[in-house]
Amino acid sequence: MVFQPRWIALAIAAVAFTALCWSVLAPWQLGKNSSTSHRNQQIADSVNADPVPAAQLLGGRADVPKDAEWRRVVLTGQYLADKQSLARLRNQNGKPAYEVLVPFAANDGATYLVDRGFVQTPTGGVVPEFAPPPSGTVTVQARIRAPEQTDPARGPRTEAGYLQVFAIDPAAIGPAQGIAFAPGYLNLDEGQPGGLDPIPLPMLDAGPYLSYGLQWLAFGIMAPLAIAYFVWSEVRRRREDKAVFDAGTADSTEAQEDETPQEVTPEAARAARLADRYGRKGQ
């Protein structure tokens, strides 16, 4: 019989692998490709777009609209310099750095969390000196960013005289400072009042996600085809063995009509078939 337990197990494994490829792995990579392409398109569109008032995109909202991220906005108001905080474990050109965050009380009535940019640290954990934001009323341009997700086990903490966070999340920073922030946060454009080393825009590269997704789809197709090929090969081999066995039995019966027929085992039949195919020793 072809359908031995090992073949059934392999068939089940192939079906499970195919389902995993088509329902989890391929959609995961293709989804990352779609989100990256969408982000790149938003950034490309924002480069030449004129900035709009921040309240026009974020006013009265609890979350950053999906189409608003990376949009350039303009706002007028004052920095709350005594409420600065630091985003730790950042990287600038391969070196450890902080991102300096500061509330901005805008004239539209909302308070926005503004990312002033990078300050490099000579060694990890040491907060370097950096210039304070300007006092008085200023007008700045920035890009809208969706908030980062805060790990509950790594919430805001006060160190070296600053509130320090692992994620730029207004929903976590606001309660620690007693401020109700507008959704998301704002990355200052280069050359803006209060700016430090600017946060560069991401590379507009879609990455390898599309090819990875197509590869998982291909693997999902290949797995059951491979099992089908192995089953077909096994069936063909067994049919050939049976044909050789039947032929050997018939020849033995004709040559020994007056004697008790000797049983031809499958091993002997295969050996005879191989001898006919490749020749016998000494020939």
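Q: What makes a set of residues a nonpolar patch in this predicted model?
A: The residues need over 30% relative accessible area and no salt bridge, and their nonpolar side chains are joined within 5 Å. Here Phe-17, Leu-20, Val-24, Phe-219 and Met-222 make such a patch, with a surface of about 420 Å². The elements giving two or more residues to the patch are α1 (5–47) and α4 (209–255). Helix α1 provides the largest share, three residues.

Q: Why is Phe-17 called partly exposed?
A: Phe-17, in helix α1, has a relative accessible area of 32%. Partly exposed lies between the buried limit, under 20%, and the exposed limit, over 50%, so at 32% Phe-17 is partly exposed.

Q: What about Tyr-212: why does Tyr-212 count as partly exposed?
A: Tyr-212 is in helix α4, and its relative accessibility is 39%. Buried would need under 20% and exposed over 50%, so 39% makes Tyr-212 partly exposed. Along the chain, Tyr-212 and Leu-25 are 187 residues apart, yet their C-alpha atoms are separated by 9.0 Å.

Q: Which residues does UniProt mark as "transmembrane region", and what is the span made of?
A: The unreviewed UniProt entry puts that feature at residues 209–232. In the model, the span is 100% helix and 0% strand, with its end C-alpha atoms 35 Å apart.

Q: Why is Thr-121 called buried?
A: Its relative accessibility is 8%, and buried means under 20%, so Thr-121 counts as buried. Thr-121 sits in the loop between β5 (111–120) and β6 (138–145). Leaving out residues up to four places away in sequence, Thr-121 touches Pro-96, Ala-97, Tyr-98, Val-126 and Pro-128.

Q: How do you know that the side chain of Thr-121 makes a polar contact with Val-126?
A: The Thr-121 side chain reaches the backbone oxygen of Val-126 at 2.4 Å. The cut-off is 3.5 Å for a donor and acceptor pair of N or O atoms, so the 2.4 Å pair falls within it.

Q: Is Gln-92 buried or exposed, and why?
A: Gln-92 has a relative accessible area of 10%; that is under 20%, so Gln-92 is buried. Its place is in strand β3 (residues 85–92).

Technical notes
Residues are numbered from 1 along each chain as its sequence is written. This is a predicted model: local features need pLDDT of at least 70, side-chain atom pairs count only at pLDDT 80 or more; totals for chains, interfaces and linings use all residues. Side-chain values use heavy atoms; hydrogens and water are left out. Patches are made of residues with over 30% relative accessible area and no salt bridge: like charges are joined within 9 Å, nonpolar side chains (Val, Leu, Ile, Met, Phe, Trp, Tyr) within 5 Å. Accessible areas come from the Shrake-Rupley method with a 1.4 Å probe; for residues, only the protein chains shown count as cover. A salt bridge is a side-chain nitrogen of Lys or Arg within 4 Å of a carboxyl oxygen of Asp or Glu. Helices (H or I, at least four residues) and strands (E, at least two) are DSSP runs, numbered from the N terminus. Buried means under 20% relative accessible area, exposed over 50%, partly exposed in between (1.4 Å probe, protein chains only). Contact means heavy atoms within 4.5 Å. UniProt positions are given in the numbering used here, feature names are shortened, and annotations may be inferred rather than shown by experiment.
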